[in-house]
Each structure stands twice: as C-alpha cells, then as structure tokens.
Amino acid sequence: MAVFCAALYTVAVPLTSATYHLHLVVAFTVATIQCGSLVVAVHRPLVGSVLHVLCIVALALAVRDSGAGPWPLPVTGLVSLGALVLLVGIRERWTVSVSVWWLSVVALVAVIAASPARYEVDGEWGTNLTVYASYTATVLVAAIAIGQRHRIRADLAEARRDAELEHAQRLYVEERARIARELHDIVAHSMSVIHMQALSAPYRLPEVPSPAVREEFQDIARSARGALGEMRQMLGALRSEDDEAELAPQPRISDIQQLADATSRAGSPVSVRIDAETGTVSGPVQLTTYRVVQEALSNVVRHAPGAPATVSATLDGGALRICVQNAPPLARAGLPGAPTPDRGGQGIRGMRERLGVLGGQLSVRATADGGYLVDATIPVESAPGEGR
C-alpha cells in the first residue's frame with residue numbers, strides 16, 4: 001500500500017496540475033489527502049473511505065470548469081477509487097465494501113447533478129461514470145470473493161484451534177481422573193489394612209488389656225474409615241461414567257472440633273476457638289476452612305509430634321481468618337528416643353490452591369519460639385450474623 005500511494009502521489013500531482021490547470025499548491029493538497037486517506041482506510045476503513053470520497057468530490061468540482069481531461073473522474077481518481085474498493089472489499093465485510101461502492105457512485109452522480117454547465121455541454125461524463133461503475137463493480141466482486149475466502153480460512157483455523165484446545169483439556173481431565181483412581185487404589189488398600197489391623201488388634205493381642213490402648217486403636221480405625229469414605233466420595237465425583245455419584249455432606253467449620261479431638265488423641269493437644277458467626281459463610285468457604293485446618297494439623301502431627309497447637313477462626317470485616325499455630329515439638333529430631341518427623345509433600349501448595357480459588361491468601365512462617373504458624377484469609381460475602 002505504501003508503494004502504491006507513493007506512485008499515485010508522484011503521478012497525481014503533475015497530472016492534475018498540467019492537464020486540469022490546477023494551482024500547484026491545490027494539486028499537492030488534493031493528492032496528499034487522496035493518498036493519505038488510502039493509508040487511513042487500512043486501519044479505519046469507514047473514516048478513510050469517507051475522506052477519500054470527499055477528496056474526489058472536491059477534485060471533480062475543482063476541475064469541472066477546465067474543460068480538459070475526463071470528467072468527473074480524472075485518471076488518478078479513477079485508479080484511487082478502484083484501489084479503495086479493492087482494499088475495503090478484502091479487509092472488511094461485504095456490506096461495508098458494497099456501502100463504500102454505492103457511496104462513491106452517489107457522490108459522483110451528485111457532482112454531475114450540481115454541475116449543469118458541464119452536464120449540458122459535455123456528454124463525456126456518462127462514459128466516464130459508466131467506465132467507473134463497471135470496472136469498480138468487477139473489482140468489488142473479486143475483492144469480496146478474496147476477503148470471504150480469507151475470513152472462511154481464518155474461521156476454520158480458529159475452530160480447529162478451539163477443537164484442539166478442547167481435546168487437550170479433555171485429555172488433561174481424563175488423565176487427572178485416571179491418576180485419582182490410581183491413587184485411590186493405592187491408598188485405599190493401605191488404609192483398609194490399617195483399618196482392619198486397628199479393629200482386630202485388641203483381639204489379636206490379648207496381652208494389651210488397657211482401655212486406653214483399645215481406645216487408641218479405635219481412633220486409628222475411625223480415622224482410616226473416614227479417610228476411605230472421603231476418598232470414595234471424591235472418586236465418585238470424578239467418574240463420569242457412574243450413574244450417580246454418591247452424595248454426602250461436605251465437612252464444615254463446625255466439624256473442626258472433632259478434627260481437633262482426633263488430633264489430641266493422637267498425642268498433639270489442640271485447643272479450638274471458633275466464632276459463632278463463622279457458621280454464616282458459604283459452603284465452599286466452610287469446606288476450604290476445614291481442609292486448611294486439616295492439612296495444618298496433619299503437618300503438626302508429622303513435623304512437630306507432641307507439640308500443642310491452637311486453632312482459631314474469626315470473621316474480621318469481609319474476610320474469614322484462620323490461624324493454626326503450634327509450639328515447638330516436645331522431642332527434637334535426632335535426640336535419643338525422638339520420633340522422626342515426616343518430610344512432607346504438597347500440603348502447603350494444596351492449601352494455596354484451595355484458597356486461591358476463593359481469592360484467599362496464605363502465610364506460613366516459623367514463630368520466634370521455634371513453632372510454626374499457618375495464617376489464611378478468605379473473602380466472604382455475608383456479614384456477621386447473616387444466615388445463608
């Protein structure tokens with residue numbers, strides 16, 4: 001387009017100045033607007049088209065009294081209008097290109113009607129208008145065909161990309177479901193063994209008659225049974241081929257006390273302070289809160305066995321704040337008789353992902369006394385005291 005405009009400008013200035021006896025300044029001005037509007041039409045087709053047609057109208061009115069050359073369109077105007085129709089036809093929808101073509105024809109007819117002297121004396125205007133209409137109509141049809149072909153190819157390419165993206169997402173979801181099923185098969189076996197061993201231990205080991213020991217085995221069996229139930233529920237939601245996934249109530253903030261009691265029986269005393277207003281928040285927030293506390297207490301048991309911990313959940317303005325803090329472990333790793341803490345896994349990352357879904361934030365850090373603090377905030381919609 002830049003090369004075409006430069007060539008058109010080079011020809012238009014001397015041609016209109018010499019043939020139609022226009023002043024050189026006027027010729028430069030008209031040619032500049034004529035070529036510049038084509039460049040504008042590349043990015044702003046309607047603005048460029050209107051500007052170009054107005055320039056051609058001004059040129060036709062300026063040379064109507066010269067009596068020289070073809071009128072109402074000089075040769076440069078005939079070429080530039082054809083270039084405009086071609087450009088708009090390729091780049092824009094057919095309705096826009098057809099509208100621009102009709103605009104140019106109506107503008108030329110209006111110029112002829114406004115010039116009775118030239119209209120009555122010279123009959124060349126009819127030939128000029130016929131040549132313009134026939135040649136630009138051919139250019140218009142070709143431009144629309146090319147433009148439609150490009151748009152169809154672009155639409156097909158976009159549809160192909162969407163199909164590939166959807167296929168990739170489906171494969172991703174199927175792979176995650178497969179991994180979840182594999183995880184269930186691996187973990188469920190071990191948890192089932194733990195459950196059965198804990199239930200049968202008092203009968204298989206009669207030399208352990210202590211009620212406290214029997215209660216400990218019952219807690220182990222209860223924890224294994226609860227973990228199996230939650231895993232089966234999660235797997236049922238992932239298996240789309242099942243008729244209907246098993247529905248069960250999701251854990252809520254009110255269940256944190258039972259979680260703390262189970263952790264206390266495992267050897268890490270836990271104290272809980274939960275505001276009553278926290279029961280008004282939505283279900284997803286309550287489930288996320290429970291999972292964050294569950295993971296934090298699991299980390300206490302793994303990394304600081306025997307250390308006392310505190311759990312608090314409070315509504316502060318428009319956010320729910322969860323804090324889980326534990327003291328230093330009673331027995332340091334490496335000392336004689338000290339248990340070896342678990343090295344951990346993806347717990348903190350999982351908590352961040354859960355909180356991120358709800359727009360929450362997580363802060364984990366060591367405390368000054370050697371303990372650890374998990375501090376999470378979740379935005380909530382309901383204010384304290386509002387039922388949900």
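Strand β3 (residues 319-326) pairs with strand β5 (residues 372-379) through eight bridges, in the antiparallel sense. The model is predicted. Val324 stands opposite Val374 in β5. Cys323 stands opposite Asp375 in β5.

Where do these strands sit in the sheet? The order is β1-β2-β3-β5-β4. The five strands form an open sheet, and the pairing is mixed. β1 (270-274) and β4 are the edge strands, and each of them pairs on one side only. Direction ignored, neighbouring strands of this sheet are turned by 10° against each other on average. Strands of a sheet pair through backbone hydrogen bonds, either parallel or antiparallel.

| Strand pair | Residues of the strands | Bridges |
|---|---|---|
| β3 and β5 | 319-326 and 372-379 | eight bridges |
| β2 and β3 | β2: 309-316 | eight bridges |
| β4 and β5 | β4: 361-366 | six bridges |

β2 and β3 form one, with two residues between the strands. Gly317 lies in that turn and has a positive phi of about 70°. Within this pair, Thr310 has Gln325 in β3 as its bridge partner. Val311 stands opposite Val324 in β3. Val324 also stands opposite Val374 in β5.

The other hairpin is formed by β4 and β5, with five residues between them. In its turn, Gly370 has a positive phi of about 95°. Ser363 stands opposite Asp375 in β5.

Which helix lies across β4 and β5? Helix α11 (residues 347-357) does, running at about 155° to β4.

Next comes a pair of helices, α9 and α10. Helix α9 covers residues 256-265, and helix α10 covers residues 283-303. Their axes come within 10 Å and cross at roughly 10°. Angles under 35 degrees count as roughly parallel, and α9 and α10 are therefore roughly parallel to each other. On the α9 side, the contact is made by Ile256, Leu259, Ala260 and Thr263. They meet Thr289, Tyr290, Val293, Gln294, Leu297 and Val301 in α10. By class, the residues of this α9-α10 contact are seven nonpolar, three polar and no charged.

Helix α3 (residues 45-62) packs against helix α4 (residues 75-91) at an angle of about 165°, with the axes 11 Å apart. That angle makes α3 roughly antiparallel to α4. The crossing of α3 past α4 is left-handed. Ser49, His52, Val53 and Ile56 are the α3 residues in the contact. Their counterparts in α4 are Gly77, Ser80, Leu81, Leu84 and Val88.

Which residues does UniProt list as "transmembrane region"? The unreviewed entry gives 22-41, 46-63, 69-88, 100-117 and 129-147. Two of these spans can be described from the model. Residues 22-41 are 90% helix and 0% strand, and their end C-alpha atoms lie 26 Å apart. Residues 129-147 are 100% helix and 0% strand, with the end C-alpha atoms 26 Å apart.

Terms used: Residues are numbered from 1 along each chain as its sequence is written. This is a predicted model: local features need pLDDT of at least 70, side-chain atom pairs count only at pLDDT 80 or more; totals for chains, interfaces and linings use all residues. Side-chain values use heavy atoms; hydrogens and water are left out. UniProt positions are given in the numbering used here, feature names are shortened, and annotations may be inferred rather than shown by experiment. Helices (H or I, at least four residues) and strands (E, at least two) are DSSP runs, numbered from the N terminus. Axes are lines fitted to C-alpha atoms, for helices over the stretch in contact, and angles run from 0 to 180 degrees between N-to-C directions. Angles under 35 degrees count as roughly parallel, over 145 as roughly antiparallel, 65 to 115 as roughly perpendicular and the rest as oblique. Contact means heavy atoms within 4.5 Å. Ala, Val, Leu, Ile, Met, Phe, Trp, Tyr, Cys and Pro count as nonpolar, Asp, Glu, Lys and Arg as charged, and the others, Gly among them, as polar. Two strands pair if DSSP finds at least two bridges between them. A crossing is left-handed if the near helix is turned anticlockwise from the far one by less than a right angle, and right-handed if clockwise.
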